Amino acid sequence: MSDTISEIKSGGEASLAKKYSQLLARQGILVAFVLFLVVFSIFSDRFLSTDNFMTVIRQASIIGTIAIGVTIVVIGGNLDLSVGSLLSFCTVLVVDLHDKIGPTGAIGLMLVFALLIGAINGYLIGYLKLNSLIVTLGMLSAIQGITLIYTGGQNVDIQNQEGTWFAFFGRGYLWGIAVPVLIFLGLALIAEFVLKATTYGRKVFSVGGNPAAAVFSGLRRNRMVFSTYLLSAFTTACAAIILGSRVMGSQNNVGQGYELLVLAGVILGGTSLLGGSGSITRTIIGVLILSFIQNGLLLLGYPYYAQWLVTWAVIILAVWLDIASTRGKIFTSFS
Amino acid sequence: MATLAHKAKSLVIEQPIWLFVAACIVVFSLSTEHFLDIGNFKNILVQTSTIGLIALGLTFIMINGNIDLSVGAVLALAACLAVDLQSSIGIPLAVTVGLLSGVVLGALNGLVVWKTGVDAFIVTLGAMIGVRGLVFVYTEEQSFYATDFAYADFGTSSIAGIPTLALLFVVLAALMHWILSRSVHGRNTYAVGGNRQAAIDAGIRVGPHMVINFMIGGFFAALAGVTLSTQMGAATPNLGRDFELWAITAIVLGGTKLTGGAGSIVGTLGGVIAIGILRNGMNLLQVPSFYVLVIMGTILIAVLFIDRQVNRNAEQELNV
């Protein structure tokens, strides 16, 4: 609508050039992605190989899996900072229960507890309409405490690591592809389909985009928000299965800080924190970019934490580019 | 007498957190024998001064309608710089460099928020990750120890029987309260946070005020890093993790709105002291530290809920 108006105002060619540059800026994240790949390929001969690519995607699978759920929460207009603590809790729970009640029971029970925590988040934010930033901040601390109470401060591990099919999720291969990658991409595919092609997905977008309008259109905002937190708890639980199975043990603070890296990937993918826009595909590209930066810098011999410095610049530049393209000006106009 | 009661009543309504503080003091005084002790209160003030200093600066940023998630990382950088550099350039210069790093990073955050129009949450989330990376790269993941004992002595020193760090915190809180409530910059900080467009229309230079507030926030985070490292006589690259969460918790408990435009240093002070007393009291009651995390998280959510209920009731009354 606004596009057509500006087209009429500015006339043919100028608007075409503007549209073209806008398209370029909108897809800036893809351009940056390709640029990264090219640069790293030139400087490191080990970078451009199928093996390395699979390794990178595999490393990204845990953060990526969580990011799928968080993207849905963010599109619905909220934040979820509790996923890092929840990852610690779920991983500790599934690993500890594995030796006590067997893998099936462990996974089942862990999923129940994860969804319970998701439901608490969803109830507080969806039905009581409390601020999601503060609620999930409080939950971050509370879940951390619950994990420590559960373990008594100890780390947990699985005794018989060879003889359990639980190893399949983190270490197994299916059709020559690592199982974590399959879980990650499989969930992403389902989530993208649900968001793009079902009424549920459409409702999530409208609730996030304009809550008041959504409610006046007869959508149940509280129920939608509630469901998005169930989904983010579910994908976090899936990530915990991958992590627990890969490590066959868990530190009680294993997920500390993950919420920020997940959010960084989501933001990098161009999902607006205001809600109402975003996509799983772009989130995955965002997460993969962060993973490729990590991999590339390590291959080039930079210290591990140098990637965080690059992440800093990349996040701000990506969002700036996006905003500048919609604004039509590089800098803000107020003084 | 009547005015005193009236004053007390208005304080309770405007700053309900102080009622909570009073309730905590009563409960812990009755349930533990060492709580109501001058020495313990000095202790609480020193313990809370780190989060308290961060919260002083962050209150300005949040009333201004922004947020700064990078304060914990800035704290670590300042502490590492101040401890590491003192063997080569001396304590005063090293501390200056540490404090300057906070001011510079604050200015950078503020300029980016102003000029790019990217939300402060995203800008400082990036800075939080990036500055922490900078700390790890700079320290090569090692801890630093202060070789000069004068540095650590400062952290444990007292002036007229009051711990220096507690005194520093209280004096700076009074100063910041004065700036926020009496100066032009303070008033404009409220105006910009309350309604940015209206502030722009009224001719207030919104950008510079935001940058100044981010610089104040960075300075106080760095100062908290320096004082914390004087208490320990050391600095580690992981210092200050999750401190931004505690500071934000204290500020929200103190009644500052996340959307900006409302809040006060008195409230923030109440929030900081409430957290300090809770931690100290539960410690004296020998509540395991794991439970403290759960209790703090629950309290944060509960306060948010109560605040919402109270404000909603007020709104409904207004409608009637």
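Visitor: How do I read the packing of helix α14 of chain A and helix α6 of chain B?

Guide: Two packed helices are described by the angle between their axes and the distance between the axes. This is a predicted model. Here, the axes of α14 (residues 306-327) of chain A and α6 (residues 120-139) of chain B come within 7 Å. They cross at roughly 160 degrees. Angles over 145 count as roughly antiparallel, so α14(A) and α6(B) are roughly antiparallel to each other. The crossing of α14(A) past α6(B) is left-handed.

Visitor: Which residues in α14(A) and α6(B) meet?

Guide: From α14(A), they include Trp308(A), Leu309(A), Trp312(A) and Ile315(A). From α6(B), they include Ile122(B), Gly126(B), Gly130(B) and Arg132(B). The residues of this helix contact divide into 13 nonpolar, four polar and one charged.

Visitor: How many residues does the contact take from chain A and from chain B?

Guide: Chain A gives 39 residues and chain B gives 41 residues. On the side of chain A that touches chain B, α6 (132-151), α12 (258-268) and α14 each supply at least two residues. α6(A) gives the most, with 13 residues. That side of chain A divides into 30 nonpolar, eight polar and one charged.

Visitor: What does the radius of gyration say about chain B?

Guide: Compare it with the value for a compact globule. With 320 residues, such a globule would have a radius near 20 Å; chain B has 20 Å, so the two agree. Along the principal axes, the C-alpha atoms of chain B fill a box of roughly 70 × 55 × 35 Å.

Visitor: What secondary structure does chain B have?

Guide: Chain B has 14 helices and four strands. Buried residues make up 50% of its 320 residues.

Methods. Residues numbered from 1 in each chain as written. Chains lettered and ligands numbered in written order. Predicted model: local features only at pLDDT ≥ 70, side-chain atom pairs only at ≥ 80, totals over all residues. Axes fitted to C-alpha atoms, helices over the stretch in contact; angles between N-to-C directions. Parallel < 35°, antiparallel > 145°, perpendicular 65-115°, else oblique. Left-handed = near helix turned anticlockwise from the far one by under 90°. Contact = placed C-beta atoms within 7 Å. Nonpolar A, V, L, I, M, F, W, Y, C, P; charged D, E, K, R; others polar. Rg over C-alpha atoms; globule rule 2.2 N^0.38 Å. Buried ≥ 20, exposed ≤ 12 C-beta atoms within 10 Å, placed from the backbone.
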